[in-house]
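This briefing goes through a single protein structure by topic. Please keep the sequence and the 3D view open while reading.

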Amino acid sequence: MSLAQLESNDQKNDSVATDMELRRQLLSCMAETLTSHQYQVCVLNLLEGMTQKEIADIFGISPSAVSRSISSGQRRLRKALGYHFEQADPTEDFREELPYI
């Protein structure tokens with residue numbers, strides 16, 4: 001295996017580790033911030049990719065009730081995360097840092 005292949009594998013492993021850590025942190029924040037029902041519904045929808053109809057069938061509620069739970073959960077998360085992350089500077093051109101855009 002060449003040095004370039006080893007470096008590529010290291011970058012992939014670092015990326016997977018970073019993704020796993022971000023997911024763990026998100027789940028932790030969700031557990032601390034959301035009600036039990038909001039947490040369950042948001043995990044199924046946002047992280048597992050289930051539709052609102054599928055979630056409604058699991059919980060025996062209407063899809064609109066699922067939608068409201070997701071919306072209220074997202075609002076609570078945005079509020080909670082707003083205290084932990086800086087606001088982006090709207091005048092900053094981030095595309096200069098991301099050549100793939």
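The model is predicted. The protein chain holds four helices and zero strands, in the order α-α-α-α along the sequence.

**Overall fold and surface**

- The protein chain has 101 residues, of which 20% count as buried.
- About 7900 Å² of the protein chain is accessible surface, and carbon and sulfur atoms account for 54% of that area.
- When contacts between residues at least 6 apart in sequence are taken, 43% of them link residues at least 24 apart.

**Packing of H2 and H4**

- Two packed helices are described by the angle between their axes and the distance between the axes.
- Helix H2 spans residues 36-47 and helix H4 spans residues 63-82; they pack at an angle of about 100 degrees, and their axes lie 9 Å apart.
- Angles of 65 to 115 degrees count as roughly perpendicular, and H2 and H4 are therefore roughly perpendicular to each other.
- On the H2 side, the contact is made by His37, Gln38, Val41, Cys42, Asn45 and Leu46.
- On the H4 side, the residues are Val66, Ser69, Ile70, Ser72, Gly73, Gln74 and Arg76.
- Sorted by class, the residues in the contact of H2 with H4 are five nonpolar, seven polar and one charged.

- Ser69 has a relative accessible area of 11%; the limit for buried is under 20%, so Ser69 is buried.
- Leaving aside residues up to four places away in sequence, Ser69 touches His37, Gln38, Val41 and Cys42.

**Salt bridges**

- Side chains of opposite charge can pair when their charged atoms come close.
- How many salt bridges does a search of the whole structure find? The search finds three.

*Arg24 and Glu21*

- The side chains of Arg24 and Glu21 form a salt bridge with an N to O distance of 2.7 Å.
- Both residues belong to helix H1 (residues 3-33), where Arg24 and Glu21 are three residues apart, about one turn of the helix.
- Arg24 is partly exposed at a relative accessible area of 47%, and Glu21 is also partly exposed, at 32%.

*Glu48 and Arg23*

- Glu48 pairs with Arg23 in a salt bridge whose closest N and O atoms are 3.1 Å apart.

*Asp57 and Lys53*

- In the salt bridge between Asp57 and Lys53, the closest N and O atoms are 3.0 Å apart.
- Both residues are in helix H3; because Asp57 and Lys53 are four residues apart there, about one helical turn separates them.
- Asp57 has 52% relative accessibility; exposed means over 50%, so Asp57 counts as exposed.

Key:
Residues numbered from 1 in each chain as written. Predicted model: local features only at pLDDT ≥ 70, side-chain atom pairs only at ≥ 80, totals over all residues. Heavy atoms only, no water. Axes fitted to C-alpha atoms, helices over the stretch in contact; angles between N-to-C directions. Helix = DSSP H or I, 4+ residues; strand = E, 2+ residues; numbered from the N terminus. Parallel < 35°, antiparallel > 145°, perpendicular 65-115°, else oblique. Contact = heavy atoms within 4.5 Å. Nonpolar A, V, L, I, M, F, W, Y, C, P; charged D, E, K, R; others polar. Salt bridge = Lys/Arg side-chain N within 4 Å of Asp/Glu carboxyl O. Buried < 20%, exposed > 50% of the residue type's maximum accessible area, 1.4 Å probe, protein only. Areas by Shrake-Rupley, 256 points an atom, 1.4 Å probe, with all protein chains shown as cover.
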